[in-house]
Amino acid sequence: FADIVGFTEAAAAVTPQVLVSYLNRLFQQLDQECLEQGLEKIKTIGDCYMCAALPLEKVEAARRNAALSVLRFALQLHRLISLQPPLGSRPQEFRIGVHSGPVVAGIIGYTRIAYDIWGDTVNIASRLESQSKPNCTQLSLATYQVVEGAATCEYRGLIPLKGLPPQHCYWLKDVMDEEDEDFVFSRTVTLAMEPLSLETHSATGSAELAANAAFYGSLWREQSGATLRSGSRLGHLPLKSASNTEGSEASGIEEWPQSCGEQAAEAE
């Protein structure tokens, strides 16, 4: 979770047009960075930006790379907002919270369908963000243990979080460059392919979806009368690795449909 510090006060001092223009410009840059890091944008809530990394495999290397991608994204968020023109009388800053653990992901309802994630992991990340400080990224002990040795962190102490026991927390200082890592994170290119029934995506607890969380998703609207169609995630393409720092560019990346689908996955 990333939230703009003092946004309510700043928003009250400008016109709605200026406010929306500021957020749109900033979030477009965040969206692009999110794609470049191989992350899944979940949603924006006012001035709050929420994203997640869903590892393709339940192995330590994949979890580590997913977490490091989130931390690199967090550092970029602080840089990008510092480059924006001031909103009102002063420049804006992000405060960010990151936690690692299992989530439930999917869609609910029939109208204004949106992909979302739920669970204690999400709640703790939100609490870490609210207890963070301006221009800082706060990590949980779980995230620190995943990235230890590949990220520079400073122990903050036992911090009380609303509705939770005190948590061991850390400040993020820096992250190792990708070419210095010993791990490869295979990122996914989502393709709009053959249509599937809505019932297939909505079947809670489906063994097929649980086993293929990396390849199923991509639910979008197609206005053909009142028909709602869905598509499957059918392919993945490694974009970068430790041995190929130049990477391969995925064509048509701006045309990816929004990823969705019911699945259980490890999120960072």
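Me: Hi! Which residues have the most contacts inside the largest nonpolar core?
Reply: Those are Ile-4, Leu-26, Leu-30, Tyr-49, Leu-71 and Phe-94, in a core of 40 residues. By nonpolar core I mean buried Ala, Val, Leu, Ile, Met, Phe, Trp, Tyr and Cys residues joined through side-chain atoms within 4.5 Å. Buried is under 20% relative accessible area, exposed over 50%, and partly exposed in between, using a 1.4 Å probe and protein chains only. This is a predicted model, where local features need pLDDT of at least 70, side-chain atom pairs count only at pLDDT 80 or more, and totals for chains, interfaces and linings use all residues. Residues are numbered from 1 along each chain as its sequence is written, and side-chain values use heavy atoms, leaving out hydrogens and water.

Me: Nice. Which element gives the most to that core?
Reply: Helix H3 (60-82) does, with 10 residues. Helices (H or I, at least four residues) and strands (E, at least two) are DSSP runs, numbered from the N terminus. There is also a second, separate core of 14 residues, which includes Phe-1, Ile-42, Met-50 and Ile-107.

Me: Switching to the sheet: what is the strand order?
Reply: The order is E2-E3-E1-E4-E7-E9-E8, an open sheet of 7 strands with mixed pairing. Two strands pair if DSSP finds at least two bridges between them.

Me: And which strands stand at the edges?
Reply: E2 and E8 (151-161) do; each has a single partner strand, so one side of each is left without a neighbour in the sheet.

Me: What about E4, who are its partners?
Reply: E1 runs antiparallel to E4, joined by 3 bridges, and Asp-3 has Arg-95 as its bridge partner there. E7 (residues 136-140) pairs with E4 in the parallel sense over 4 bridges, with Thr-137 as the partner of Ile-96. Since 4 of its 5 residues are buried, E4 is largely enclosed by the rest of the structure.

Me: OK, on to H2. Which of its residues are buried?
Reply: Leu-19, Tyr-22, Leu-23, Leu-26, Phe-27, Leu-30, Glu-33 and Cys-34. They cover an arc of only 110° around the axis, which puts them on the same side of H2; the arc is taken from the directions from the helix axis to the C-beta atoms.

Me: What's on the other side of H2, then?
Reply: Gln-17 and Val-20 are exposed there.

Me: Last one: what covers the buried residues of H2?
Reply: The cover includes E1, H1, E2 (40-45), E3, H3 and E4. Contact here means heavy atoms within 4.5 Å.
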